[in-house]
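Here's a quick briefing to read alongside the model. Have the sequence and the 3D view open as you go.

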Amino acid sequence: MGTGIVNWLFAIPAVYTIDTFGRRNLLLVTFPLMGIMLLITGFSFLAPEGMGRLAGVATGIYLFMVVYSPGEGPVPFTYSAEAFPLYIREYGMAFATATTWGFNFILSLTWPALEEAFTTTGAFGWYAGWNFFGWVFAYFCLPETKERTLEELDTVFSMRTSDHARYYLASLPWYVRKYLLRSDVEPREPLYAVED
């Protein structure tokens, strides 16, 4: 099965989850998983030549695509479509798309030098590290925009990033109590004051 089919098949769930599970949550789930898959791929190159190495590399790359497709694949385009005001949205989307393809070009251009300097394992580890950084950035700096109207999005995107970061930093103990310790906790105070 080719990479295009894998990307297409596993992007289908995003059609549903991007509006129910949320854009931010998709990134928070997929960034660390993508980092783990890149580490699996990179460390597979340390195995002796043979079918075991090939299996590890192929598994890591395919699982990376499986995780990428419902999260990091479609979410940035959804965010960009929502982030810009209507009067400049087409310019904003054009810039966002050009930026994405520009970074794809930079990644392709710099991979051989990175692989030579860091080894193949190190190069995959470098990009795995960027995925873990992406998780931190998404947690502290990205607002959730699911189920918001265009008017509400103006409120969401007018809030300073430092306010988002403070809110989510203060929310860490709540998440630990609710999801790790499985305690019964009071609902958190909403971040946005949006009228119902």
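Start with a helix pair: α2 passes α5 in a left-handed crossing, meaning that the near helix is turned anticlockwise from the far one by less than a right angle (clockwise would be right-handed). This is a predicted model, where local features need pLDDT of at least 70 and side-chain atom pairs count only at pLDDT 80 or more, while totals for chains, interfaces and linings use all residues. Residues are numbered from 1 along each chain as its sequence is written, and side-chain values use heavy atoms, with hydrogens and water left out.

**The α2–α5 pair**

- Two packed helices are described by the angle between their axes and the distance between the axes.
- For α2 and α5, the angle is about 165 degrees and the axes lie 8 Å apart; axes here are lines fitted to C-alpha atoms over the stretch in contact, and angles run from 0 to 180 degrees between N-to-C directions.
- That makes α2 and α5 roughly antiparallel to each other (angles over 145 degrees; under 35 is roughly parallel, 65 to 115 roughly perpendicular, and the rest oblique).
- Where α2 meets α5, the contact has 16 nonpolar, seven polar and one charged residues. Nonpolar covers Ala, Val, Leu, Ile, Met, Phe, Trp, Tyr, Cys and Pro, charged covers Asp, Glu, Lys and Arg, and the others, Gly among them, are polar.

**The chain overall**

- The protein chain has seven helices and zero strands, running α-α-α-α-α-α-α from the N terminus on. Helices (H or I, at least four residues) and strands (E, at least two) are DSSP runs, numbered from the N terminus.
- Its C-alpha trace spans about 60 × 45 × 30 Å along the principal axes.
- Of the 196 residues in the protein chain, 32% are buried (under 20% relative accessible area; exposed is over 50%, partly exposed in between, with a 1.4 Å probe and protein chains only).

**The largest pocket**

- The largest pocket holds about 1800 Å³ of space. A pocket is an open set of points on a 1 Å grid over the protein atoms alone, where a 1.4 Å probe fits, with protein on both sides within 12 Å along at least five of seven lines; lining residues have an atom within 4 Å of a point. Points are joined across faces, edges and corners, and the volume is the space filled by probe spheres set on them.
- Its lining has 40 residues, and Tyr68, Glu72, Phe103, Asn104 and Leu107 are the closest to the centre.
- Two or more lining residues come from each of α2 (23–44), α3 (51–68), α4 (75–83) and α5 (89–141), with α5 giving the most, at 20 residues.
- By class, that lining has 30 nonpolar, nine polar and one charged residues.

**The second largest pocket**

- The second largest pocket has a volume of about 790 Å³.
- Among its 27 lining residues, Arg24, Asn25, Tyr168, Tyr175 and Arg188 are the closest to its centre.
- At least two residues of this lining come from each of α2, α5 and α7 (161–180), and α7 gives the most, with six residues.
- The lining of the second largest pocket divides into 17 nonpolar, one polar and nine charged residues.

- Tyr16 sits in helix α1 (residues 3–20) and counts as exposed, at 59% relative accessibility. Its C-alpha atom is 9.8 Å from that of Pro70, 54 residues apart along the chain.
- Leu33 is in helix α2 and is partly exposed, with a relative accessible area of 34%. The C-alpha atoms of Leu33 and Thr119 are separated by 22 Å, and these residues are 86 apart along the chain.
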